[in-house]
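Here's a quick tour for someone meeting this structure for the first time. Have a look at it, then read on.

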Amino acid sequence: MTPLALALTALAAAPVHAQLPLKPEDVVCSIGNGLADRMQHDGWVETLIQSQSAGKKLTFRELAITGDTVANRPRHEGFSSPEDYLKLCKADVIFAFFGYNESFAGEAGVGKFKADLGAMIDKYRGMQFNGESAPRFVLFSPVAFENHRSANLPNGAATNVNLALYTGAIKQVAEEKGVAFVDLFSASQAKYAAAAAPLTLNGVHLLPEGNRQIGEVIAKAVTGSTATGSPSLEPLRAAVMDKNWHWHNRYRATDGNDIWGGRSGLSFVNGQTNAQVLQHELVMLDTMTANRDQAIWAAAEGKTMKVSDANVPGPIPVVSNLSNPSEYQDGKAAMAKMHVPEGYEVNLFTDEKQFPQFANPVQLQVDAKGRLWAACWNTYPKWEPLKAMNDSLLILPDENGDGVADKAIEFAKVHNPLGFEFWNGGVIVTTQPDILFLKDTDGDDKADVRIVLFQGIDSADTHHAANNLILGPDGAIYWQSGIFLQNAFEHPWGAALHSTASGMYRFDPRRYTITFHAGNSPNPHGTSFDYWGYHYANDGTGGNSFQVRPQGNGFQMHQLVNMEVRPVPADCIVSSDNFPEDIQQDFLVLNTIGYLGIKRYDMHREGFENPKRAFGEVWGTPTPDYFKSDDPNFRPTDAEFGEDGALYIADWQNAIIGHMQHNIRDPRRDHLHGRIYRLVNKGRPLQKKVAIAGQPIPVLLDHLKNPVDGIRHRTRVELSGRKSEDVIAAVKEWVKQFDVKKKEDAHHLLEALWVHQQHNVPNVELLEALLNSPEPHAKVAAATVKHHWGPADPTKGQMATQIQETVAEVKVDVPAHLTGADAKAFALGANVFMRDGHCVTCHQKTGAGLDPIYPPLAGSPWVTGSEERLTKLVLHGLWGPIEVNGKTYDPAKGIPPMTQFAALLKDEEIAAVLTYVRNSWGNKAAPVTAETVKKVREATKDRSIFWSPEELLKMHPLEK
């Protein structure tokens, strides 16, 4: 018999239900993979079980995380173990959902899987999570793979062979260990066969209706009673969803690196740490979650209970470590401090004064109707319990065309909306650890469809996670993520992608593929495409910009410009009828510290001599200052060309920009201000409006001839929501008007190729024609498409599934005058200096700093002079104007304080890095010992705020 036949024979005797009576006041915890992780967002499993358990006061806690296997449940630094969470929840019953991710090991992996699952049960039985007794288990099989009969997804036949094998293995373990078992594999196959529409998103992950139907199976199995997910249960489900949201923010707490990770120990005023403040918030959320359990129990009995959080302990007060006042200018008044290019003018498109809900805009996009949207992150860096969660996606139409927003329409509330992009008639938006698909189906500009599209985006650091989403011309969604993150992405094509690497990711929502696209460390932010499809990206922290080019089976970042400023949260390509011809396709880079504006670079795409670049290997050379502000709170986070051709610039508007220098709950972090400015060229007319939304496909295809990138981009977005067969049929007719031998037709044919790529209909004939095009840029773009369809195709099983962050080894040349212990300290100091968020971030590898933002270390008496002064500065940070080598560096220009390293570095590390900087780049000074650092640390242990330069110079005058 075949493996599948054997597995199905074994399943024939599978029990109909789990035969596990749930006892009054049981705590049920779910562990496992994405099957369970997704269930919490629809709430049906708990709703249906609670509906059959009125009066039992059952408690449910979701502990499953996408990508988990029995033997491998990776978490980011400091995240508590699965066992610790079971103990925290006092688990009586464990629902275990494993087998899907393990199944890709095939028949050869069954034995190990059974051994791992049995060992876990034995281990957990020896642990009394509730403090009194061993937990009881229900083992659930994976659901079957649903065949969508789509060219975009696998048919699942091979996957189902393995899933049946692993379902049989789970049943065998359940019998051997005497625990309950529920066969969701067979049940889901029956549900799929009877369903009028797909129950899964991609063959693997259940849609809301799929969760409802499988929830009915689970509820019957564990209660013995038939439960139906009828509309009458909506009040109960609403109570469950409210509880789930609070628990989700506790268990999958965003910004975990500051709660329990490497930066949790950072201390500020009065020695107060991030951990003390944020871990207390977890206790608050525990209480708020428990309060909502009571509302669930009441609803299960048909009663209504208004939740009261009067028993929730208040937040721990935080005192700011900044003493100077934060002065925010009126949005219009702040324009007087802006320096705009000659021939341009700027106006205020909107601000918090016009629309109080508008604050902290992090990304802008323009929809097919020509309306500007903004992701507003009012609760940055994360929602605080007991306060309003008012992060949102806002639509900001300018209906009368006067360059000022007329309305602020809240499309949806979305926590931590770090990035968003339009697709398939809706919006894809990040809300760590998930990515949502939102859609308005009744035309009221309010999202009435809310589906968890993708999971596994880690949330150890909110502004490092999936940011600045953009739909490429190839139809994929691109984002970048930084360090500290433990990503785990399940998909229908193979084993989950586990990644701790910083870089760019590529998600194809049509085929549901995910790949690590190219490395970019430490904290990349911002991406764009130009007219010919050349791809660009920033490293936000380092300030570097790159071109992304095919290499090997994937892609790689290549230096694009010589870095001038940092950090850089976004980039943009100039493409507008309103802007001058001579700067079209130039590269814009936004800066949020020091320069506070936009840098512009001329792009050389046909080759460049120094540095040597071949055709298509792009290099950018800087132009004079383009756009900047003297307002120290001006923080440009994104720029987008609007329907009218003006450049819309998002201003985060915040006095505090540093993530490490202040407590996460520093009261000076602003949550009320935000602006969008509009830059217009006065010498040219505004760009003519182009109707895109709802237009017939032939009209849309003609828009692909438009030279303006934004018009073609919005057209591609509109086409993403049309039926592929209709689009492709129309494209095949449309291309007949073009001649592959004519250079002027090359770009139109390239757009046709990209439409084929977006709709996953390879056109080899068109590809070959463009590979031989008379237009060299079209040949380069076609080669990239061929690379996507060939070695970089994630469905061909060539892409790695385990991506680890790689740290370049620091090459250390110890100066001859340092020997023995001093030489070892110098080498250690070099490594400390190069760590992310440490010295190199601001002062650069050369020690030259970044003029006029960060002072140099080379040749500075602040470095080579008094050891005690320098040690104090490093331990407790620095804030205030400082003069170095005759030049003043002033924080009033929007520069954050120097980080306090007392909590980040040991005495030996501080001594080492000081020894390194005192003896590098031409510096030559006595090494600093750990004993010296220890002595200074002890003498200044009560210091909890930054030093000012004046204080230090009064105690330790600068050497002459």
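## A cavity and a sheet

The second largest cavity holds about 460 Å³ of space. (A cavity is a set of points on a 1 Å grid over the protein atoms alone where a 1.4 Å probe fits but cannot get out; lining residues have an atom within 4 Å of a point. The volume is the space filled by probe spheres set on the points, which are joined across faces, edges and corners.) This is a predicted model, where local features need pLDDT of at least 70, side-chain atom pairs count only at pLDDT 80 or more, and totals for chains, interfaces and linings use all residues. Residues are numbered from 1 along each chain as its sequence is written, and side-chain values use heavy atoms, leaving out hydrogens and water.

The whole structure has 13 cavities of 30 Å³ or more.

| Element | Residues |
|---|---|
| strand E16 | 467-471 |
| strand E22 | 524-529 |
| strand E31 | 636-641 |
| helix H13 | 709-720 |

Strand E8 also gives residues to that lining. It belongs to an open, antiparallel sheet of four strands, ordered E8-E9-E10-E11; strands pair if DSSP finds at least two bridges between them. E8 and E11 are at the edges with a single partner strand each, so one side of each has no neighbour in the sheet.

Note on methods: Helices (H or I, at least four residues) and strands (E, at least two) are DSSP runs, numbered from the N terminus. On a 1 Å grid over the protein atoms alone, a cavity is a set of points where a 1.4 Å probe fits but cannot get out, and a pocket is an open set with protein on both sides within 12 Å along at least five of seven lines; lining residues have an atom within 4 Å of a point.
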